[in-house]
Amino acid sequence: MSGHDHHDHHHHDHDNHFTPIEARVKALESLMVEKGYVDPAALDAIIETYETKVGPRNGARVVAKAWTDPAYAERLKADGTAAVAELSYGGRGGEHIVAVFNTCEEHNLIVCTLCSCYPWPVLGLPPVWYKSPPYRSKAVIDPRGVLADFGVTLPEGQRIRVWDSTAETRFLVIPLRPAGTEGWSEEQLAAIVTRDSMIGTGLPQLDAAS
Amino acid sequence: MNGGQDLGGQMGFGPVKPEPNEPIFHGEWEKRVLALNVAAGAMGQWSIDESRHARESIPPADYLSFSYYQIWLAGLQGLLVRHGFVSEHELAEGKAIETPRQPKRVLKGEDVAAVLRRGFPYEREPKARPAFSVGDAVRTIVMHPQHHTRLPRYARGKTGIVERVSGCHVFPDTGAHGAPETAQWLYTVVFTGPELWGRDADSATSVSIEAWESYLEPA
């Protein structure tokens, strides 16, 4: 980087307020645009997609529908990809979706120990902790310890099943519907479905409903 | 390869630290790295497995200290250089010097929504019947290849049960290295905690991996 700074300072004075990583990314982007490899409009459209269109509210809709529509839950169990496509979700980072349903006997937890595989179309981009060494290392050897890091204690006797996303299959946890939500609408239910409850590091939050 | 990426079961990283109200991005540059990776991947010059291999080839000390978007940035730079789209000299200068190489495709702004929605499905038409069925006991092979693999170290040489047969999927180990695409049957194989981690492990936990057929032998 010092050589880089030396070459650049006289014709990129306006770049001086950038950190080294910001400067590197700017340089790479302008190089790729200049060489015709990427369309700047495509970059903006990709960012806009994951900032405003694709995120965990999609997954919450899937969960709420599964809670209120037993036939939909059955279709989701049988073919996750097709069932989320009924709500117009799918595509990059979620070409093959499997929904895993929590039961009173077993709680599901999703991880990718080898990289950062995550069901983008239904949960959006993964949080930093999901991609970081503490989670990726510990989830498979000490899942109860991971849940404790999130302040989650499972009921006595509930087993834990960890799914390591080593292929292009992407998993979505369908949490148990909390007691006290009888008669709620899909919209009300979707509001209590947190992102973490669909990864398995959390549970639906009744106090999130307002 | 047994690189910095193969983290399952390693210790000493401390607790998981969730960030309350975490923003989608922690800075403008992270947005650009995401978009550049997605757009460059859509050029069709390398497979998702080759891009994973580029990231796991980062020396472990760097891999473990980088944020994930730093890993993606380093991986993308490596892929662009390896495929002759940019040179180290150009990366250092931040401007085009050599003649551009024509990519197979350039993702246009107006096509982004359709391309992301379509995705890149990895299931292929099978050419043979699956060797294993649901309920079969299988053992994962022991191997320590220099090349890319999706069989993590903690799950090598372990006995588990086939829980699901997921169709025939693109095989990553060879596809990461420029070989013509092949596909194999893919299975969900579930192991008990004690099988993976020894007799002191929590017997009320189990872990599954997605395993291609050549990772498995009958148990």
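**Entry 1: confidence**

I began with chain A, whose mean pLDDT is 93, with 91% of its residues at 70 or more. This is a predicted model, so I wanted that number before anything else. Over residues 1-13 of chain A, pLDDT stays under 50. The model has six contacts beyond four places in sequence for that stretch. I will read residues 1-13 of chain A with care, given pLDDT under 50.

**Entry 2: domains of chain A**

I looked up the domain assignment of chain A. It gives domain 1 (2-38) and domain 2 (55-208). How far apart do the C-alpha centres of these two domains of chain A lie? I noted 40 Å.

**Entry 3: where the chains touch**

I turned to the contact between the chains. On one side are 73 residues of chain B, and on the other are 68 residues of chain A. Several elements of chain B give two or more residues to its side, among them α1 (28-41), α2 (48-56), α4 (68-82) and β3 (159-170). Which element gives the most to the side of chain B that touches chain A? I found that α1(B) does, with 10 residues. I then sorted this side of chain B by class. There are 40 nonpolar, 15 polar and 18 charged residues.

**Entry 4: strands across the chains**

Strand β3 (residues 159-164) of chain A pairs with β5(B). The sense is parallel, and there are four bridges. A:Trp163 has B:Ser208 in β5(B) as its bridge partner.

**Entry 5: the core**

I looked for the largest nonpolar core and found one of 108 residues. The residues with the most contacts inside this core are A:Ile46, A:Val63, A:Leu172, B:Leu36 and B:Ala39. Neighbours within four places in sequence aside, B:Ala39 is in contact with A:Val38, A:Ala42, A:Leu43, A:Ile46 and B:Leu107.

**Entry 6: a covered helix**

I moved on to α2(B). Is α2(B) mostly covered or mostly exposed? It is mostly covered, with seven of its nine residues buried. I listed the buried residues of α2(B): B:Asp49, B:Glu50, B:Arg52, B:His53, B:Ala54, B:Arg55 and B:Glu56. The cover over them includes α4 and α7 (172-175) of chain B.

**Entry 7: positive phi**

Most residues other than glycine have a negative phi. A:Ser88 has a phi near 70°, although it is not glycine. I placed A:Ser88 in the loop between α6 (80-85) and β1 (96-101) of chain A. Why does A:Ser88 count as exposed? A:Ser88 has 10 C-beta neighbours inside 10 Å, and exposed means 12 or fewer.

B:Asn21 is another case. Its phi is positive, about 50°, and it is not a glycine. B:Asn21 sits in the segment before α1 of chain B. B:Asn21 counts as exposed because it has 4 C-beta neighbours inside 10 Å.

**Entry 8: one strand residue**

Last, I looked up B:Pro218. It lies in strand β6 (residues 216-218) of chain B. B:Pro218 counts as exposed because 9 C-beta neighbours lie inside 10 Å.

Notes
Residues are numbered from 1 along each chain as its sequence is written. Chains are lettered from A and ligands numbered from 1 in the order in which they are written. This is a predicted model: local features need pLDDT of at least 70, side-chain atom pairs count only at pLDDT 80 or more; totals for chains, interfaces and linings use all residues. Two residues are in contact if their C-beta atoms, placed from the backbone, lie within 7 Å. Ala, Val, Leu, Ile, Met, Phe, Trp, Tyr, Cys and Pro count as nonpolar, Asp, Glu, Lys and Arg as charged, and the others, Gly among them, as polar. Two strands pair if DSSP finds at least two bridges between them. A residue is buried if 20 or more other C-beta atoms lie within 10 Å of its own, exposed if 12 or fewer, and partly exposed in between; C-beta atoms are placed from the backbone. Domain bounds come from an automatic or database domain assignment. pLDDT is the predictor's confidence in each residue, from 0 to 100. A nonpolar core is a set of buried Ala, Val, Leu, Ile, Met, Phe, Trp, Tyr and Cys residues joined through C-beta atoms within 7 Å.
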